[in-house]
Amino acid sequence: MYAKQYPIPLPADHDMEIIRKRVAEKGHALDDREGLGLKAYLIRERGVDGSPVNEYAPFYLWNDTGEMARFLLGGGGFQNIVRDFGRPAVLHWTGVACHAGPARNATPKAASRRLTTLNDDIESEIDALRELAQHEDVHTAALAVDPHHWQLLRFVLWKEAPQETEGERYQVLHLSSPGLGDLPEGHTW
(Lines give C-alpha, C1' and ligand atoms only; values in the text may rest on other atoms or scores of the structure.)
Protein backbone atom coordinates (compact mmCIF):
# COMPACT_ATOMS: atom_id res chain seq x y z
CA MET A 1 0.00 0.00 0.00
CA TYR A 2 1.20 3.46 -0.87
CA ALA A 3 -0.44 6.74 0.18
CA LYS A 4 -0.28 10.06 -1.62
CA GLN A 5 -1.95 13.45 -1.43
CA TYR A 6 -1.56 16.75 -3.22
CA PRO A 7 -3.11 19.60 -1.24
CA ILE A 8 -3.95 22.53 -3.51
CA PRO A 9 -4.38 25.80 -1.60
CA LEU A 10 -7.09 28.05 -2.96
CA PRO A 11 -7.73 31.77 -2.38
CA ALA A 12 -9.68 32.71 0.74
CA ASP A 13 -12.54 34.02 -1.41
CA HIS A 14 -12.55 31.02 -3.79
CA ASP A 15 -16.04 29.74 -4.57
CA MET A 16 -15.81 26.13 -3.35
CA GLU A 17 -18.88 25.27 -5.43
CA ILE A 18 -16.49 25.22 -8.39
CA ILE A 19 -14.61 22.32 -6.79
CA ARG A 20 -17.84 20.58 -5.81
CA LYS A 21 -19.05 20.84 -9.40
CA ARG A 22 -15.70 19.57 -10.74
CA VAL A 23 -15.87 16.50 -8.53
CA ALA A 24 -19.56 15.88 -9.28
CA GLU A 25 -18.83 15.94 -13.01
CA LYS A 26 -15.46 14.17 -13.12
CA GLY A 27 -15.03 12.27 -9.84
CA HIS A 28 -16.33 9.03 -11.27
CA ALA A 29 -13.38 8.85 -13.72
CA LEU A 30 -11.34 6.77 -11.27
CA ASP A 31 -14.18 4.56 -10.02
CA ASP A 32 -12.67 1.62 -11.90
CA ARG A 33 -8.98 2.63 -11.96
CA GLU A 34 -6.69 -0.39 -11.96
CA GLY A 35 -4.26 -0.52 -9.05
CA LEU A 36 -6.13 2.08 -6.99
CA GLY A 37 -7.38 1.09 -3.56
CA LEU A 38 -9.23 4.36 -2.98
CA LYS A 39 -9.26 8.03 -3.86
CA ALA A 40 -11.05 10.40 -1.52
CA TYR A 41 -11.91 13.73 -3.14
CA LEU A 42 -11.33 16.02 -0.17
CA ILE A 43 -11.84 19.69 0.53
CA ARG A 44 -11.33 22.00 3.44
CA GLU A 45 -13.49 25.10 3.35
CA ARG A 46 -12.51 28.28 5.17
CA GLY A 47 -14.71 28.79 8.23
CA VAL A 48 -16.24 25.29 8.05
CA ASP A 49 -15.36 22.78 10.73
CA GLY A 50 -12.59 25.04 12.00
CA SER A 51 -10.68 25.23 8.71
CA PRO A 52 -8.56 28.36 8.28
CA VAL A 53 -8.16 27.73 4.53
CA ASN A 54 -9.84 26.73 1.30
CA GLU A 55 -8.13 23.66 -0.10
CA TYR A 56 -8.69 20.87 -2.58
CA ALA A 57 -6.70 17.87 -1.32
CA PRO A 58 -7.32 14.51 -3.04
CA PHE A 59 -5.98 11.55 -1.04
CA TYR A 60 -5.11 8.12 -2.44
CA LEU A 61 -4.27 4.65 -1.19
CA TRP A 62 -2.69 2.69 -4.03
CA ASN A 63 -2.29 -1.09 -4.23
CA ASP A 64 0.02 -0.91 -7.26
CA THR A 65 2.85 1.65 -7.42
CA GLY A 66 3.29 1.07 -11.17
CA GLU A 67 -0.30 2.17 -11.75
CA MET A 68 0.31 5.12 -9.44
CA ALA A 69 3.28 6.15 -11.59
CA ARG A 70 1.17 5.75 -14.74
CA PHE A 71 -1.46 8.05 -13.18
CA LEU A 72 1.15 10.70 -12.34
CA LEU A 73 3.32 10.51 -15.44
CA GLY A 74 1.62 8.51 -18.15
CA GLY A 75 -1.47 10.54 -18.93
CA GLY A 76 -3.64 8.61 -16.53
CA GLY A 77 -5.49 11.59 -15.08
CA PHE A 78 -3.02 13.79 -13.21
CA GLN A 79 -2.51 15.90 -16.34
CA ASN A 80 -5.94 17.42 -15.63
CA ILE A 81 -4.75 18.66 -12.23
CA VAL A 82 -1.59 20.08 -13.83
CA ARG A 83 -3.67 21.76 -16.56
CA ASP A 84 -6.11 23.36 -14.11
CA PHE A 85 -3.95 24.10 -11.05
CA GLY A 86 -0.30 23.82 -12.08
CA ARG A 87 2.00 21.05 -10.88
CA PRO A 88 1.40 20.63 -7.12
CA ALA A 89 3.85 18.93 -4.79
CA VAL A 90 2.73 15.34 -4.27
CA LEU A 91 3.13 14.16 -0.69
CA HIS A 92 3.68 10.42 -0.39
CA TRP A 93 4.04 7.79 2.29
CA THR A 94 4.81 4.09 2.49
CA GLY A 95 1.97 2.08 4.02
CA VAL A 96 2.38 0.66 7.52
CA ALA A 97 -1.12 -0.55 8.43
CA CYS A 98 -4.68 -0.39 7.20
CA HIS A 99 -8.01 -1.43 8.71
CA ALA A 100 -11.56 -1.65 7.48
CA GLY A 101 -13.96 -0.08 9.96
CA PRO A 102 -17.54 -1.01 10.84
CA ALA A 103 -18.82 1.72 8.47
CA ARG A 104 -16.94 0.28 5.44
CA ASN A 105 -20.21 -0.17 3.51
CA ALA A 106 -21.33 3.44 4.12
CA THR A 107 -20.37 6.41 1.96
CA PRO A 108 -17.89 8.46 4.00
CA LYS A 109 -18.70 12.14 4.39
CA ALA A 110 -15.58 13.23 6.29
CA ALA A 111 -11.91 12.46 6.73
CA SER A 112 -9.16 13.31 9.17
CA ARG A 113 -5.41 13.47 8.61
CA ARG A 114 -2.82 13.70 11.35
CA LEU A 115 0.91 14.10 10.72
CA THR A 116 3.32 13.60 13.60
CA THR A 117 7.02 13.07 14.03
CA LEU A 118 7.80 9.37 13.90
CA ASN A 119 8.85 8.08 17.29
CA ASP A 120 10.51 4.78 18.16
CA ASP A 121 7.27 3.19 19.34
CA ILE A 122 5.58 2.47 16.01
CA GLU A 123 3.86 -0.56 17.54
CA SER A 124 1.84 1.67 19.88
CA GLU A 125 0.71 3.75 16.87
CA ILE A 126 -0.32 0.56 15.05
CA ASP A 127 -2.24 -0.60 18.12
CA ALA A 128 -3.93 2.82 18.43
CA LEU A 129 -4.97 2.67 14.76
CA ARG A 130 -6.43 -0.82 15.22
CA GLU A 131 -8.42 0.43 18.23
CA LEU A 132 -9.60 3.58 16.42
CA ALA A 133 -10.72 1.49 13.43
CA GLN A 134 -13.26 -0.22 15.67
CA HIS A 135 -15.22 3.03 16.12
CA GLU A 136 -18.69 2.61 14.62
CA ASP A 137 -18.24 5.57 12.23
CA VAL A 138 -14.87 4.51 10.73
CA HIS A 139 -14.90 3.50 7.09
CA THR A 140 -11.13 3.00 6.60
CA ALA A 141 -8.13 3.83 8.78
CA ALA A 142 -4.56 3.87 7.48
CA LEU A 143 -1.12 4.52 8.87
CA ALA A 144 1.87 5.39 6.66
CA VAL A 145 5.38 6.80 7.02
CA ASP A 146 7.39 9.41 5.14
CA PRO A 147 10.98 8.18 5.60
CA HIS A 148 12.42 11.39 4.13
CA HIS A 149 10.97 13.64 6.85
CA TRP A 150 10.36 10.82 9.36
CA GLN A 151 6.72 11.70 9.74
CA LEU A 152 3.84 9.40 10.51
CA LEU A 153 0.53 9.88 8.76
CA ARG A 154 -2.78 8.71 10.20
CA PHE A 155 -5.63 8.99 7.72
CA VAL A 156 -9.22 8.05 8.55
CA LEU A 157 -12.40 8.10 6.50
CA TRP A 158 -15.51 8.69 8.61
CA LYS A 159 -19.17 7.93 7.95
CA GLU A 160 -20.10 11.32 9.40
CA ALA A 161 -17.95 13.88 11.25
CA PRO A 162 -14.41 12.99 12.36
CA GLN A 163 -14.17 11.93 15.97
CA GLU A 164 -10.54 13.09 16.20
CA THR A 165 -9.60 16.57 17.36
CA GLU A 166 -5.97 16.63 16.17
CA GLY A 167 -4.88 17.36 12.62
CA GLU A 168 -6.85 18.43 9.56
CA ARG A 169 -10.50 17.66 8.99
CA TYR A 170 -11.93 17.33 5.50
CA GLN A 171 -15.24 16.98 3.71
CA VAL A 172 -15.39 13.99 1.35
CA LEU A 173 -17.07 14.95 -1.92
CA HIS A 174 -16.70 11.54 -3.60
CA LEU A 175 -14.95 8.24 -2.99
CA SER A 176 -13.56 6.14 -5.83
CA SER A 177 -12.74 2.74 -4.39
CA PRO A 178 -12.13 0.17 -7.13
CA GLY A 179 -9.55 -1.81 -5.14
CA LEU A 180 -10.88 -1.19 -1.64
CA GLY A 181 -11.12 -4.90 -0.92
CA ASP A 182 -7.50 -5.38 -2.01
CA LEU A 183 -6.08 -2.95 0.55
CA PRO A 184 -4.12 -4.83 3.22
CA GLU A 185 -5.78 -5.55 6.54
CA GLY A 186 -3.50 -4.95 9.48
CA HIS A 187 0.29 -4.60 9.15
CA THR A 188 1.65 -4.27 5.66
CA TRP A 189 4.79 -6.25 6.52
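Two strands pair if DSSP finds at least two bridges between them. Strands (E, at least two residues) are DSSP runs, numbered from the N terminus. The model is predicted: local features need pLDDT of at least 70, side-chain atom pairs count only at pLDDT 80 or more, and totals for chains, interfaces and linings use all residues. Residues are numbered from 1 along each chain as its sequence is written, and side-chain values use heavy atoms, with hydrogens and water left out.

**Strand β8 and its partners**
- β8 spans residues 138-146, and nine of its nine residues are buried (under 20% relative accessible area, 1.4 Å probe, protein chains only).
- Six bridges link β8 to β6 (residues 91-100) in the antiparallel sense.
- Within β8, Ala144 stands opposite Gly95.
- β9 (residues 151-158) runs antiparallel to β8, joined by eight bridges.
- Ala141 has Val156 in β9 as its bridge partner.
- Four residues separate β8 and β9 in a hairpin. Trp150, in the turn, has a positive phi of about 50°.

**Nonpolar cores**
- A nonpolar core is a set of buried Ala, Val, Leu, Ile, Met, Phe, Trp, Tyr and Cys residues joined through side-chain atoms within 4.5 Å.
- The largest core has 20 residues; Leu42, Phe59, Phe155 and Leu157 have the most contacts inside it.
- Two or more residues of this core come from each of β3 (36-44), β5 (59-62), β6, β8, β9 and β10 (168-176).
- A second, separate core of 18 residues includes Ile19, Tyr60, Trp62 and Met68.

**Around Phe155**
- Leaving aside neighbours within four places in sequence, Phe155 is in contact (heavy atoms within 4.5 Å) with residues including Ala40, Leu42, Phe59, Thr140, Ala141 and Ala142.
- Ala111, Ser112 and Arg113 are also among the contacts of Phe155.

Conventions:
Buried means under 20% relative accessible area, exposed over 50%, partly exposed in between (1.4 Å probe, protein chains only).
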